[in-house]
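Here are a few friendly notes to read with the model open beside you. Please follow the points in order.

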Amino acid sequence: MRKLCFSLFILSLVVAGNAQTSENMQLLRQMSDGFAELAAQVKPGVVKITTEGTEEGRIFDLPWGRPFRVPDQERRGQGSGVVAEFEGQQYIITNNHVIRRADDIRVEATDSRFFEAEVVGRDSLSDVAVLRIDAEDLPTLTLGDSDQLREGEWVMAIGNPLGFAHSVTMGTVSALGRDRFGPEYGSFIQTDAALNKGNSGGALVNLRGELVGINTAITSNDGGNIGIGFAIPINLVKHVAEQLIEHGEVRRGLLGVRIGNLEPLLAEAMGLDNTQGVLITSVNSGRAADKAGVKRDDIVLEVDGQPVHNAVDLRSLIGSTAPGVEVELLVLRDGKQKRIKVELEALTEEVLATTAGTRDSNEARGPLGIRVENLKDEWAERLGYEDEAGVMVVRVARGSEAAKRGLLRGMLIQEINDERVENVEDYEDALAEIEPGDAFMMRVLGQRGTRLIGMRMPVN
C-alpha cells in the first residue's frame with residue numbers, strides 16, 4: 001500500500017512538472033508570436049533610402065611639379081527612413097547625414113515600389129532630415145512619447161543594415177539621456193538592439209508598435225555592432241520635423257553663454273558637495289544672458305522649474321524653446337540661489353562652431369607638469385589676447401595633472417582660486433599657497449573662450 005501511495009505521489013509530481021513545462025513553452029511561443037506580429041505591423045512603415053551624389057575634386061599644390069587635381073568622384077550611400085504623418089501629410093523622416101551630400105535620393109517601400117524624394121528640410125544640429133515623396137498611401141508609424149521610455153524596456157529596431165533591407169533586431173533601452181558626440185543639440189537613447197551601417201534613419205519602436213526613436217549612430221572598434229547603438233528620441237524628432245515642415249529650418253533659443261559640466265573635482269574646489277547643475281564658464285558680451293544679468297561662474301539649477309542635471313539638459317531645454325521667449329533660470333551664485341529671467345535670442349550653427357587646441361607632449365616643469373611664460377606682444381597679437389592678462393602655457397607634459405584636466409599649449413592662465421595671475425611670479429606665488437592633495441580652480445582663456453578647470457595639487 002505504501003509503495004502504491006509513493007508511486008502515485010511521484011506520478012503526480014511528473015504530471016505537474018510536465019504541465020508547468022507545457023505552460024512555460026506556451027508563454028515562450030506567445031512571446032515569439034508577439035514579436036513576429038510587432039515586426040509585421042511596423043515594417044511597412046520603414047523604407048530603404050539610397051543616395052547618389054558627386055564629390056568635387058580638389059587641387060593639391062606639389063612642391064616638385066605642377067598642381068595635381070583629384071577628379072570628381074561619384075558617391076553612393078544608403079540608409080533608412082520612417083513614414084510619419086504631420087498635419088495630415090505623409091513625410092519620410094531620416095538622418096541628415098544619410099542625405100547630406102546627395103544629389104539624388106530614392107526611397108524604396110516594403111512592397112517594392114520606389115520613389116524619387118525631395119528634401120523638405122534638414123538640420124545638422126539634431127541630425128534630422130525630412131523628405132517628401134509622391135505617395136499618400138504608405139503605411140505610417142504611430143509616434144510615441146520618448147519621455148515615457150524606461151531603461152530596460154524592450155524595443156525593436158528596423159532598418160537596412162549593410163543593404164539587407166528591412167532587417168529586424170530586438171534589444172532593450174540600455175540608457176537614456178546619453179551625450180552627443182559633439183556640439184549637436186539633444187541627447188541619445190542607448191540601445192543594445194543590433195545596429196550597423198545602413199540602420200541610420202531607421203525606426204526604434206516599443207512593444208506597442210510606437211515609434212520612440214530614430215536610429216542614428218553606433219560605437220564600435222571595427223565599424224560593426226558591439227551592442228552599443230544610439231537613437232534620437234522621437235519627441236526631439238517631432239519638434240525638429242514640425243519646424244522643418246513649417247519653416248524650412250529649426251528655430252532655437254540662445255542664452256549666449258559657454259557652459260560646462262560640474263566635474264567632482266571642480267565641485268569640490270568650489271565648495272560644493274554634488275555635481276548638480278551646469279557651470280556658466282563665460283558670458284558673451286551683449287547677448288541675452290549678459291543683458292539679463294547672468295554672471296560667469298553662476299551654476300544653473302533649473303530652467304522654468306525643470307531641474308538641470310548637466311550640459312545636455314540645459315542645451316536641450318534652451319534649444320527646444322523658440323527665440324523671443326522669456327525663460328526663468330534658477331542659478332546658484334556665491335552660495336545663494338537667484339532667479340533670473342532671460343529673453344532668448346536665436347541660435348545658429350555658427351554659434352556652436354568650436355576650434356580644438358593641440359597639446360605639446362614635450363617635457364615641462366612645475367608640479368602641474370606645465371611650463372608657463374609671461375605673455376609676449378607677438379603671442380597676444382597672434383592669438384587675440386591683446387587686451388588680456390595672464391601667463392601663457394608653452395608646454396604640457398604627457399600624463400601630467402594639467403594634461404589630465406585638459407590644459408593645452410597656447411592657453412592663457414588668468415586666475416588661480418580667484419587670484420589674478422598677471423605674470424609668472426603671480427602664478428608661482430598662487431601655486432605655493434596650495435597644499436599637496438588640495439583641489440583648486442584655474443581660470444584659463446583659450447580658443448573656445450574662458451573656462452574654469454578643476455585641478456588637484458599633486459602629492460609628490
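1. Phe 86 is buried, with a relative accessible area of 8%. Bear in mind as you look that this is a predicted model. Tyr 91 also counts as buried, at 7% relative accessibility.

2. Let's turn to the aromatic rings. The count comes to three aromatic pairs. In one of them, the ring centres of Phe 35 and Trp 154 lie 5.6 Å apart.

3. Phe 35 counts as partly exposed at 22% relative accessibility, and Trp 154 is partly exposed at 40%.

4. Phe 86 and Tyr 91 form an aromatic pair too, with 6.4 Å from centre to centre. The angle between their planes is 55 degrees, and the pair is tilted.

5. Now for the backbone. Ser 112 has a positive phi of about 75 degrees although it is not a glycine. You will find Ser 112 in the loop between β6 (104-108) and β7 (114-116). Is Ser 112 buried or exposed? Its relative accessible area is 54%, so Ser 112 is exposed, the cut-off being over 50%.

6. His 166, another residue other than glycine, has a positive phi near 55 degrees. His 166 belongs to the loop between β11 (154-159) and β12 (167-178). Its relative accessibility is 11%, which is under 20%, so His 166 counts as buried.

Key
Residues numbered from 1 in each chain as written. Predicted model: local features only at pLDDT ≥ 70, side-chain atom pairs only at ≥ 80, totals over all residues. Heavy atoms only, no water. Helix = DSSP H or I, 4+ residues; strand = E, 2+ residues; numbered from the N terminus. Buried < 20%, exposed > 50% of the residue type's maximum accessible area, 1.4 Å probe, protein only. Phe/Tyr/Trp six-rings, centres within 6.5 Å; stacked < 30°, edge-to-face > 60°.
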